[in-house]
Amino acid sequence: KQWYQRRVHGRVVILGSTGRNFAAGMSGGIAYVMGERAKFEKKCNTTMVDLLPVEAAEDLAFLHDTIAEFVDATGSEVGQAVLDTWPVSATGFVKVFPHEYQRALQELKDEAEAANSISVTVNGDSITSPNLTSGMPML
C-alpha cells in the first residue's frame with residue numbers, strides 16, 4: 001500500500017494507514033491523516049490531541065499544495081487520486097491537533113492582539129477596542 005508522509009513547518013500529511021497508538025506523546029505540530037475517521041480514531045491516542053475536520057481555508061490550501069508537490073515529485077497515483085477528486089477528497093482527512101500546541105498558538109495570538117490594541121479605563125472598567133491599534137496615528 002502506498003503512503004506518503006511529509007513534514008513542512010511542523011505539519012505532516014499522511015496518505016494511507018497509520019499504526020496503533022498514533023499521536024502518543026504528540027505535543028507540537030499538526031498531522032493531517034487521510035482515511036476513514038472511525039478506523040483512525042480506534043488507532044489514535046487522543047489523550048493529548050483533538051481530532052478535527054479539515055475546514056479552514058489555510059489547512060485546505062496547505063493540504064492541496066503539499067499533495068500536488070508530492071505528486072509532481074513522485075508521480076504518486078494515490079496523491080493524484082486525491083487531487084482528481086478535490087475538494088470532495090479533502091473531507092477524508094482528519095486534523096490531529098495537540099492540546100499543548102493549540103494553547104501555545106492561542107497565547108501567541110492573544111499576545112499579538114494585545115500588542116496591537118489600545119485599552120482605556122472607563123469607570124474602573126478596562127475596555128479594549130478592536131478598532132484602535134497602537135500603530136495608528138493619534139489625531
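In what order do the elements of the protein chain run from the N terminus on? Colour the chain by secondary structure and you can read β-β-β-α-β-α-α-β-α-β-β. That makes four helices and seven strands, where helices (H or I, at least four residues) and strands (E, at least two) are DSSP runs numbered from the N terminus.

Before you click on, a word on the model. This is a predicted model, in which local features need pLDDT of at least 70 and side-chain atom pairs count only at pLDDT 80 or more, while totals for chains, interfaces and linings use all residues. Residues are numbered from 1 along each chain as its sequence is written, and side-chain values use heavy atoms, with hydrogens and water left out.

**The whole chain**

Show the surface: its accessible area comes to about 9000 Å², and carbon and sulfur atoms own 54% of that. Areas come from the Shrake-Rupley method with a 1.4 Å probe; for residues, only the protein chains shown count as cover. Of the 139 residues, 31% are buried; buried means under 20% relative accessible area, exposed over 50%, and partly exposed in between (1.4 Å probe, protein chains only).

**Stop one: Arg37 in α1**

Select Arg37, which sits in helix α1 (residues 37–43). Its relative accessible area of 33% makes Arg37 partly exposed. Now show Glu41: the two side chains are joined by a polar contact of 2.6 Å. A polar contact is a pair of N or O atoms within 3.5 Å; within protein, one must be able to donate a hydrogen and the other to accept it, and residues adjacent in sequence count only if both atoms are side-chain atoms.

Leaving aside residues up to four places away in sequence, Arg37 touches Leu51, Leu52, Pro53 and Val94, a contact being heavy atoms within 4.5 Å.

The structure holds three aromatic pairs. Rings of Phe, Tyr and Trp (its six-membered ring) pair if their centres lie within 6.5 Å; planes under 30 degrees apart count as stacked, over 60 as edge-to-face and the rest as tilted.

Select Phe22 and Phe40, an edge-to-face pair at 5.3 Å centre to centre with 65° between the planes. Phe22 is in the loop between β2 and β3 and Phe40 in helix α1, 18 residues apart.

Next, pick Tyr32 and Phe62. Their ring centres are 5.5 Å apart and their planes at 40°, so this pair is tilted. Because Tyr32 lies in strand β3 and Phe62 in helix α2, the pair ties together parts 30 residues apart in sequence. Tyr32 is buried at 0%, and Phe62 is buried at 8%.

**Stop three: the two sides of α3**

Which residues of helix α3 (residues 77–84) are buried? Select Gly79, Val82 and Leu83. They cover an arc of only 95° around the axis, so they lie on the same side of α3; the arc is that of the directions from the helix axis to the C-beta atoms. These buried residues pack against β2 (11–15), β3 (30–34), α2 (57–74) and β5 (93–98). Turn to the other side of α3 to find Glu77 and Asp84 exposed.

Finish at Ser76, which caps the N-terminal end of α3 with a side-chain oxygen 3.4 Å from the backbone nitrogen of Val78.
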